[in-house]
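My entries follow in the order in which I made them.

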Amino acid sequence: MDDWEEDQSPVVSSSSSFGQNFSGGSGVFKSFSGSGGQQNGNDDDEGSSWRKPAENGFRGRGGRGGSRGRGGFRNNFNSEEEDRNGDSEGYKGGEGRGRRGRGGFRDGGEGDSGRGRGRGGFRGKDEDVFSKSRSGFDSTDDKEDKENVGENAGPKVVYVPPPPPEEESSIFAQFATGINFDKYDDILVDVSGSNPPKAIMTFDEAGLCESLNKNVVKSGYTKPTPVQKHGIPIISAGRDLMACAQTGSGKTAAFLLPILQRLMTDGVAASKFSEVQEPEAIIVAPTRELINQIYLEARKFAYGTCVRPVVVYGGTNTGYTIREVLKGCNVLCGTPGRLLDIIGRGKVGLSKLRYLVLDEADRMLDMGFEPDMRKLVASPGMPSKEDRQTLLFSATYPEDIQRLAADFLKVDYIFLAVGVVGGACSDVEQSIIQVTQFSKREQLLELLRTTGNERTMVFVGTKRSADFIATFLCQEKIPTTSIHGDREQREREKALSDFRTGQCPVLVATSVAARGLDIEHVQHVVNFDLPSSIDEYVHRIGRTGRCGNIGRAVSFFDPEPDTPLARSLVKVLSGAQQEVPKWLEEIAFSAHGTTGFNPRGKVFASTDTRRGGGSFKTEPAQASGPSPAAATSASAADDEDEWE
Ligand SMILES: Nc1ncnc2c1ncn2[C@@H]1O[C@H](COP(=O)(O)OP(=O)(O)OP(=O)(O)O)[C@@H](O)[C@H]1O
């Protein structure tokens with residue numbers, strides 16, 4: 001078993017009566033109540049608070065097995081000797097017998113970046129960032145997912161999530177559009193592929209049936225966003241689609257509405273009595289919270305109709321999941337591991353499947369998830385790509401992933417690019433602050449003191465950093481909660497809920513919360529640790545500035561680990577018309593020399609890869625305004641070079 005696999009201890013949420021569990025391999029560590037520490041909001045109901053992490057702050061109970069060895073914690077809050085890869089001993093002590101011997105948990109406080117720089121390759125023992133991921137995304141979720149559902153996967157997961165809201169007011173709770181919502185209409189749209197259907201301008205033109213239309217109105221949608229204007233008719237026309245549109249611009253409804261419309265037109269009805277459910281649509285997303293959010297959207301749009309969406313994801317009780325599926329299922333939303341498990345158990349058949357949707361498609365097809373996606377499309381009964389409609393959505397599409405995605409799509413799929421592929425949302429004001437590792441914590445504090453109760457997501461590089469920073473902020477009387485892959489599912493959901501309601505206005509998160517999450521009123525994103533990939537950065541800052549609202553993203557740039565990101569950061573900043581600090585340009589310049597580096601020059605050449613000398617011929621049938629690709633075709637080769 002790989003190191004990282006060992007790190008994924010099962011998430012068990014049955015009986016813990018304490019708050020934050022640190023389950024990093026060597027048993028489960030409790031954080032005990034501390035003296036005078038700010039109660040951690042997400043653990044309120046558990047009667048636990050954060051322990052003051054000074055001195056020997058965290059004390060664990062050792063534990064058995066696991067990978068991290070000697071349980072217990074010793075906290076090296078300010079140690080300068082810490083290993084940036086998280087290999088040295090920080091939290092330690094106890095007597096665990098983990099394979100890694102004496103490592104124990106290490107939390108280096110400010111000294112802990114815990115974030116190796118390479119793409120791929122194991123990045124440190126406690127790395128949150130999944131080693132196999134090209135995107136630097138935390139894929140631990142689904143690993144946990146799989147481990148939890150296996151027959152011999154350790155303690156049984158008994159967590160049953162609370163039922164979704166039944167009152168209409170909650171189901172249709174709206175995310176208010178912001179002042180820049182109408183500016184979406186000015187974004188350049190590029191549609192490539194043969195004979196793309198004509199875009200719609202209004203929801204009326206989408207030809208939605210009455211109940212669906214009613215639900216769209218109740219959701220507060222008055223006009224479609226560009227990805228919906230183009231995506232809905234493309235999907236309704238039965239075409240495969242690879243769609244790229246900026247974060248927060250309504251991709252979810254772009255695929256849900258035409259799918260639900262088709263299912264309603266055809267009058268599907270899920271049978272409650274069947275031992276095997278045969279959904280017409282499967283939607284896959286990389287994290288539990290995101291798939292649950294998509295499910296809630298599907299449920300909202302399908303409200304009062306015969307179409308029944310169901311969600312399945314890891315960290316929850318399998319029996320419960322199966323019972324939910326067997327109540328009837330037309331639209332099955334799932335994380336890959338749990339989905340494959342349910343299919344493997346014969347509870348879900350695929351013979352009626354018409355739609356396969358990969359949300360965060362570039363993530364679903366990168367090295368972390370690609371094998372699962374291949375397994376999914378090779379599952380018994382899965383219609384071939386010619387006999388199903390496959391829809392891929394994301395805000396970022398590295399070109400290699402685009403090429404790979406073609407394996408899942410019909411040859412004549414349509415590529416839809418709203419704005420710059422991989423570009424950041426221009427409603428997010430981005431600033432980059434040069435820091436040293438040891439000043440980050442104080443700077444974060446200062447920042448959060450100026451933002452007051454405004455909702456802020458703080459992204460860090462590792463799970464233990466997330467715990468550590470959350471603890472620190474709680475002690476500083478800033479109500480904070482945290483979400484990461486080592487927290488129990490119940491805790492993760494509670495953390496998100498506390499953040500959504502504003503009970504805890506600060507959420508410290510690993511990359512597990514970087515993609516897709518749509519939380520109203522998030523005004524700030526802080527990259528306490530910058531991610532290793534620029535796509536990850538784009539997704540993280542996209543948690544704010546959604547749906548035409550304005551947001552702010554502040555990133556701490558520590559030249560030591562972050563220099564490799566400088567160049568693409570400059571590109572993203574200038575692509576979103578943001579100010580580029582001189583020092584950052586200089587770092588980018590000196591890091592890569594002068595060849596081909598034109599930081600202020602347009603543009604992201606990443607667009608439909610079929611244009612790049614392949615067999616595909618561009619048919620600019622529907623470019624609203626000049627296409628980003630066409631606009632820069634002369635410099636495309638140069639620009640391509642500028643991508644990492
Ligand atoms: N036409 C519309 N009118 C009003 N609000 C909308 C419309 N379309 C979507 N929204 C709202 O905008 C928000 C963002 O939508 P969504 O989560 O689908 O974005 P996304 O493009 O998938 O973002 P990400 O790339 O981060 O996953 C949601 O709250 C959604 O309900």
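I looked up Glu360 and found it buried, with 26 other C-beta atoms within 10 Å; a residue is called buried if 20 or more other C-beta atoms lie within 10 Å of its own, exposed if 12 or fewer, and partly exposed in between, with C-beta atoms placed from the backbone. Glu360 has a positive phi of about 55° although it is not a glycine, and I located it in the loop between strand 8 (355-359) and helix 10 (361-364). Helices (H or I, at least four residues) and strands (E, at least two) are DSSP runs, numbered from the N terminus.

This is a predicted model, in which local features need pLDDT of at least 70 and side-chain atom pairs count only at pLDDT 80 or more, while totals for chains, interfaces and linings use all residues. Residues are numbered from 1 along each chain as its sequence is written.

I then turned to Asn195, a residue other than glycine whose phi is positive, near 45°. Asn195 sits in the loop between strand 3 (189-192) and helix 4 (210-218), and it is exposed, with 10 other C-beta atoms within 10 Å. I noted for both entries that most residues other than glycine have a negative phi.

Next I checked helix 9 (residues 336-344), where eight of the nine residues are buried, among them Arg338 and Asp341. Just after helix 9, Gly346 takes a positive phi of about 80°.

How do helix 6 and helix 7 cross, and at what angle? The axes of helix 6 (residues 251-265) and helix 7 (residues 288-301) come within 10 Å and cross at roughly 45°, the axes being lines fitted to C-alpha atoms over the stretch in contact, with angles from 0 to 180 degrees between N-to-C directions. The two helices are therefore oblique to each other; angles under 35 degrees count as roughly parallel, over 145 as roughly antiparallel, 65 to 115 as roughly perpendicular and the rest as oblique. I listed Thr252, Leu256, Leu257 and Leu260 in helix 6 as meeting Ile294, Glu297, Ala298 and Phe301 in helix 7, where contact requires C-beta atoms, placed from the backbone, within 7 Å.

Last, I looked up a record: UniProt, in an unreviewed entry, lists residues 440-588 as "domain: Helicase C-terminal", in the numbering used here, with a shortened feature name and an annotation that may be inferred rather than shown by experiment. I found that span to be 47% helix and 17% strand, with its end C-alpha atoms 21 Å apart.

Note on methods
Two residues are in contact if their C-beta atoms, placed from the backbone, lie within 7 Å.
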